[in-house]
Amino acid sequence: MPTEVPNRMANTFARAHSVTVDSADVSLLAEGHVGRGPISDLAADSGALVVTNFGDNTVAVVDVDTLAVRGGVTTGQPFAAGAAHGRAFVAVSSASEDAVAVIDTANGAVVAAYPMDGAVAAMTVSPDGKRVYVARDGRDGVDVAVIDVVAERIATINIIATPDTTIDALRVDEADRRLFVAVTDSVTSRVIVVDIATGRVRRTLDIGAPIRGLELGLDSTAYVLTSDITSRGVLHIVDLVANRVTGTVAVGAAPVQLALSAD
């Protein structure tokens with residue numbers, strides 16, 4: 001694992017209806033609807049759909065069979081979300097602090113929270129739900145915070161030390177060995193492959209246009225969605241073994257997200 005971040009980490013469990021991380025309060029939302037305002041992210045796991053509404057400062061957990069709201073939280077502005085094995089992880093931002101809230105998707109209760117340094121740009125969860133990878137954009141570059149849910153600690157993987165770079169998407173392989181980081185700067189975009197055990201960059205593939213989405217296939221194939229004024233939407237098919245783009249599909253318009261079916 002990469003070296004542990006030397007800053008303080010809080011992990012406060014909720015016994016009643018709220019969990020407090022320093023001065024940022026995360027409370028249960030008792031309303032029976034998803035929320036008001038634009039949706040910033042979605043995450044699905046075990047029959048639950050996690051919906052973040054940054055305009056209304058709410059997060060809702062929806063039962064996908066009955067469409068009933070199991071529970072949710074109201075907090076600072078929620079953005080990126082991920083879910084696995086009955087837990088949802090949501091990046092929230094307030095005037096006092098940024099954090100990743102942990103939500104039990106069975107009942108919508110907040111069970112823990114991890115303070116974050118820097119603006120969260122993207123998130124992904126390991127297949128076994130034991131690690132959460134949080135992309136952060138900072139003044140001096142971008143990195144990935146690694147939350148070890150079992151050990152209750154945070155580590156960091158430094159990606160690029162340039163101020164004009166942003167992380168557009170994160171994905172981790174099924175073995176939880178390689179982290180795929182999609183980044184864009186003022187000149188180009190790239191997919192960076194990181195060895196999780198060492199925290200070192202193993203491969204880099206230039207894509208070109210700003211990246212909007214990244215997904216991993218089942219046969220060493222990745223799908224990268226880009227969009228700009230010149231080429232508009234383009235889906236790039238990447239051979240991860242050869243580390244090269246093997247084909248492209250024009251999708252038109254100005255797409256902003258990408259999803260891949262389970263098969």
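Reader: Which residues does Val144 touch, not counting residues up to four places away in sequence?

Author: Contact here means heavy atoms within 4.5 Å. In this predicted model, Val144 touches Tyr133, Val134, Ala135, Ala155, Thr156, Ile157, Ile159, Ile167, Leu170 and Leu179.

Reader: Which residues touch the most other members of the largest nonpolar core?

Author: A nonpolar core joins buried residues such as Val, Leu and Ile through side-chain atoms within 4.5 Å. The largest one has 19 residues, and those touching the most other members are Tyr133, Val144, Ile159, Ile167, Leu170, Leu179 and Val181. Two or more residues each come from β12 (131–138), β13 (141–148), β14 (153–160), β15 (166–172), β16 (178–184) and β17 (189–195). β14 supplies the largest share, four residues.

Reader: What lies apart from that core?

Author: Another core, of 17 residues, lies apart from it; Ala80, Ala91, Val102 and Val132 are among them.

Reader: Why is strand β9 described as largely enclosed by the rest of the structure?

Author: Buried means under 20% relative accessible area. Six of the seven residues of β9 (residues 98–104) are buried, so the strand is largely enclosed.

Reader: How many bridges pair β8 with β9, and how many pair β9 with β10?

Author: Strand β8 (residues 87–93) pairs with β9 in the antiparallel sense over seven bridges. In that pairing Val90 stands opposite Ala101, and a hairpin of four residues joins the two strands. β9 also pairs with β10 (residues 109–116), again antiparallel and over seven bridges. There, Asp98 has Met116 as its bridge partner.

Reader: Which residue in the turn between β9 and β10 has a positive phi?

Author: Gly108, at about 80°; this hairpin has four residues between its strands.

Key. Residues are numbered from 1 along each chain as its sequence is written. This is a predicted model: local features need pLDDT of at least 70, side-chain atom pairs count only at pLDDT 80 or more; totals for chains, interfaces and linings use all residues. Side-chain values use heavy atoms; hydrogens and water are left out. Buried means under 20% relative accessible area, exposed over 50%, partly exposed in between (1.4 Å probe, protein chains only). Two strands pair if DSSP finds at least two bridges between them.
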